[in-house]
Amino acid sequence: MAHVYKLPSGLWRAQVARKGRRDSGTFGTKSAAQQWAAKIEAEIVAVSRGELPRKTVRDALERFRDHECPKRKGGRWEALRLNAYAREEWADRWLAALSADDLSQWRDRRLKVVLPASVQRDFNLLRSVLTTARKEWRWLDRSPMDDVSNPGGSKPRTRRLGWREIRAICRALGYPGESKSAEVALAFLIALRTGMRAGEILSLTPAAVDLRSRVAKLTDTKNGDDRDVPMTRAAARLFMGWQGWTVDAGSRDSLFRRARDRCGLVGLTFHDSRAEALTRLARKVDVLTLAKISGHRDLGTLMRVYYRETAAQIAARLD
């Protein structure tokens, strides 16, 4: 049964609970809320009769964008990608008619212009949309993604950083100093010492960094968990006198790339600092401790993507 009521903001909220399904939406007018609720109830009745609602792929993309993306990490990026999918010719097809052949042809076209890893991210997002449409909305009885081969990912990066390169980019960023560029260099050095992601570092406040115990407390990380990151003495020293960040993520990215290009450091990314840190820390701690430091739940990803020591480097440490 649908329940429509007015919110303190003046908007109207519609809630539907019928045959084990619950859904809700917020609208500008009472009429729009009632129409939406009636539509959802009709869908529920149709599904209970074994009928699939007549929805297009675009309907699924837009509903996921509006109702699911705001709940997800990276939701802003996902919404932009979903808008791009909605411009594909198959977006106006009936959802139940979307075929594995449609998706495999789209995959092959995309592979001609972007890296396999980018297509894999597209596939993961589209798979989430279709899975939600099948399991929660009952718009599908099966997902065509089940019959499409993944594009495969790119080979893991093997880029390592030397201290000459690190010094060069820090100088190019004006470190030490008081500018935003110098803050980017400081964040880069912290990443090299701790293995934290750029976003995690920029989310830190002075209250979250305990220099006495040498622990940085992260909240709401990429995988949704809080995490306490232990620091070496060298890492803790980087925070001494630090008063917090004034640089944001967008500026951090552009300032770092410009400094990198001035130094001629081909192929270097800020995120390589995380892999470099974890590769070095792997010499000091076991793999489970390393995963606790990095926040990885999947040890395979940790060792395949982030541990970059070569066989020759390992051999040099063996007697």
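Angles under 35 degrees between two axes count as roughly parallel, over 145 as roughly antiparallel, 65 to 115 as roughly perpendicular and the rest as oblique. The model described here is predicted, with local features needing pLDDT of at least 70 and side-chain atom pairs counting only at pLDDT 80 or more, while totals for chains, interfaces and linings use all residues. Residues are numbered from 1 along each chain as its sequence is written, and side-chain values use heavy atoms, with hydrogens and water left out.

**Helices that pack against each other**

- Two packed helices are described by the angle between their axes and the distance between the axes.
- Axes are lines fitted to C-alpha atoms, for helices over the stretch in contact, and angles run from 0 to 180 degrees between N-to-C directions; helices (H or I, at least four residues) and strands (E, at least two) are DSSP runs, numbered from the N terminus.
- Helix α3 (residues 75-85) packs on helix α5 (residues 116-135) at an angle of about 85°, with the axes 11 Å apart, and α3 and α5 are therefore roughly perpendicular to each other.
- In this pair, W77, E78, R81, L82 and Y85 of α3 meet R121, D122, L125, L126 and V129 of α5, where contact means heavy atoms within 4.5 Å.
- By class, the contact of α3 with α5 has 6 nonpolar, no polar and 4 charged residues; here Ala, Val, Leu, Ile, Met, Phe, Trp, Tyr, Cys and Pro count as nonpolar, Asp, Glu, Lys and Arg as charged, and the others, Gly among them, as polar.
- Helix α2 (residues 57-68) also packs with α5, at an angle of about 100° and with the axes 10 Å apart, which makes α2 roughly perpendicular to α5.
- A60, L61 and F64 of α2 make this contact with L125, L126, S128, V129 and T132 of α5, and its residues are 6 nonpolar, 2 polar and no charged.

- V287, L288, L299 and M303 make a nonpolar surface patch of about 320 Å², to which α12 (287-294) and α13 (299-306) each supply at least two residues.
- Patches are made of residues with over 30% relative accessible area and no salt bridge, with like charges joined within 9 Å and nonpolar side chains (Val, Leu, Ile, Met, Phe, Trp, Tyr) within 5 Å; accessible areas come from the Shrake-Rupley method with a 1.4 Å probe, and for residues only the protein chains shown count as cover.

**Salt bridges**

- The whole structure holds 22 salt bridges, each being a side-chain nitrogen of Lys or Arg within 4 Å of a carboxyl oxygen of Asp or Glu.

**Backbone features in loops**

- The peptide bond from Y175 to P176 is cis, with omega near 0°, and P176 lies in the loop between α6 (163-172) and α7 (180-194).
- R138, in the loop between α5 and α6, has a phi near 60°, a positive value in a residue other than glycine.
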